[in-house]
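Biologist: Hi! Could you walk me through this structure, beginning with the charged side chains?
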Amino acid sequence: MKKTRITELLGINYPIFQGGMAWIADASLAAAVSEAGGLGIITGIAPVEWVREEIRKAKKLTNKPFGVNIMLMADNAEEIANLVCEEKVKVVTTGAGSPGKFMSMWKENGIIVIPVVASVALAKRMEKSGADAIIAEGTESGGHVGQLTTMTLVPQVVDNINIPVIAAGGIGDGRGVAASFMLGAEGVQLGTRFLVAKECTVHQNYKNKVLNANDIDTDVTGRITGHPVRVLRTKLSREFMKLEKQGLVDEMEKLGRGALARAAKDGDIDNGSVMAGQIAGLVNKEQSCLEIIEEIFNESYSVINAFGGNNE
């Protein structure tokens, strides 16, 4: 297994995170990833009591570290920020804003803080605010995306900060992991590959949509709103694109309400939002989290060794 500052910081066997996907990343998935040697993450984009319950479920399923993802623009972000302290969560990942106002509280409670960033400037700000590591997420990822690709973003972030960098976006197999290490990352975060894990409780229709995806099957909707989202192409995404061309932002927002839940929970992949990354075309089988992680790292070691590399 590859030891990095990330594995040492978190006490995990493999430097791999599972993305904190809204409506998807629950205790079942997070605990399975952590048990397999990675860092499982529970979504914090949910009602406080639901998050509390999932944290407590995860503690019953594993005694290994896991985290909670907090979307800082969410209405209940402050409540979730307090909850992770109350429940003694070991790791917090953040997105959509700066966690600065919570940093002192989290540090006092021994929480490791790892923000998701899409630019060098934000990475530098997060390091100054006290972040322990950074997730540099490229535009290839599913869900909310930035502008830069993983290939361009990761090395620039690595060159501008001193704390460890985790690469995210467009990583679905061992080749992607090996490439991330070559770019200077010390860990990776995967979302789309874990969508089809056996322990993932997302609706089977959603999984099948990912499993049947091709390389060009994603769209990015909502760029004019300032909150672009990468999804698999569906009836809903096509409607979004039409409204976007007409500049009908209010109509887009109405159309998008509850769309992810319709797909993830109800299995409505026509009228729901099927968030997934560009790597979906490479994802073609359901496996356990353990099988996914072991396969990915065995492949990455083979790739690195083929070029005279070292896994230690």
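Modeller: Happy to. A salt bridge here is a side-chain nitrogen of Lys or Arg within 4 Å of a carboxyl oxygen of Asp or Glu. With that in mind, Glu-49, Arg-52, Arg-56, Lys-59, Glu-86 and Glu-87 are linked in a network of such bridges. Keep in mind that this is a predicted model.

Biologist: Nice. How many salt bridges does that rule give?
Modeller: The count comes to 17.

Biologist: Is Glu-87 buried or exposed?
Modeller: Glu-87 is buried, because its relative accessible area is 6% and the cut-off is under 20%. Lys-59 has 40%, so that residue is partly exposed.

Biologist: What does Ile-55 touch?
Modeller: Leaving out residues up to four places away in sequence, Ile-55 touches Ile-42, Phe-66, Val-68, Leu-83, Glu-87 and Val-89. Ile-55 lies in helix α3 (residues 48-61) and counts as buried, at 0% relative accessibility.

Biologist: Which other salt bridges could I look at?
Modeller: One of them joins Asp-217 and Arg-233, with the closest N and O atoms 3.9 Å apart. Asp-217 is in the loop between α10 (204-211) and β10 (218-221), and Arg-233 in the loop between β11 (229-232) and α11, so this pair ties together parts that are 16 residues apart in sequence. Another is between Glu-295 and Lys-285, at 3.0 Å from N to O. There, Glu-295 is in helix α14 (residues 289-306) and Lys-285 in the loop between α13 (259-264) and α14, 10 residues apart.

Biologist: Switching to helices: how do α11 and α12 cross?
Modeller: The axes of α11 (residues 235-245) and α12 (residues 249-256) come within 9 Å and cross at roughly 165°. Angles over 145 degrees count as roughly antiparallel, so that is how α11 runs relative to α12. Their crossing is left-handed.

Biologist: Which residues meet there?
Modeller: From α11, Leu-236, Glu-239, Phe-240, Leu-243 and Glu-244 meet Glu-251, Met-252, Leu-255 and Gly-256 of α12. By class, that contact has five nonpolar, one polar and three charged residues.

Terms used:
Residues numbered from 1 in each chain as written. Predicted model: local features only at pLDDT ≥ 70, side-chain atom pairs only at ≥ 80, totals over all residues. Heavy atoms only, no water. Axes fitted to C-alpha atoms, helices over the stretch in contact; angles between N-to-C directions. Helix = DSSP H or I, 4+ residues; strand = E, 2+ residues; numbered from the N terminus. Parallel < 35°, antiparallel > 145°, perpendicular 65-115°, else oblique. Left-handed = near helix turned anticlockwise from the far one by under 90°. Contact = heavy atoms within 4.5 Å. Nonpolar A, V, L, I, M, F, W, Y, C, P; charged D, E, K, R; others polar. Buried < 20%, exposed > 50% of the residue type's maximum accessible area, 1.4 Å probe, protein only.
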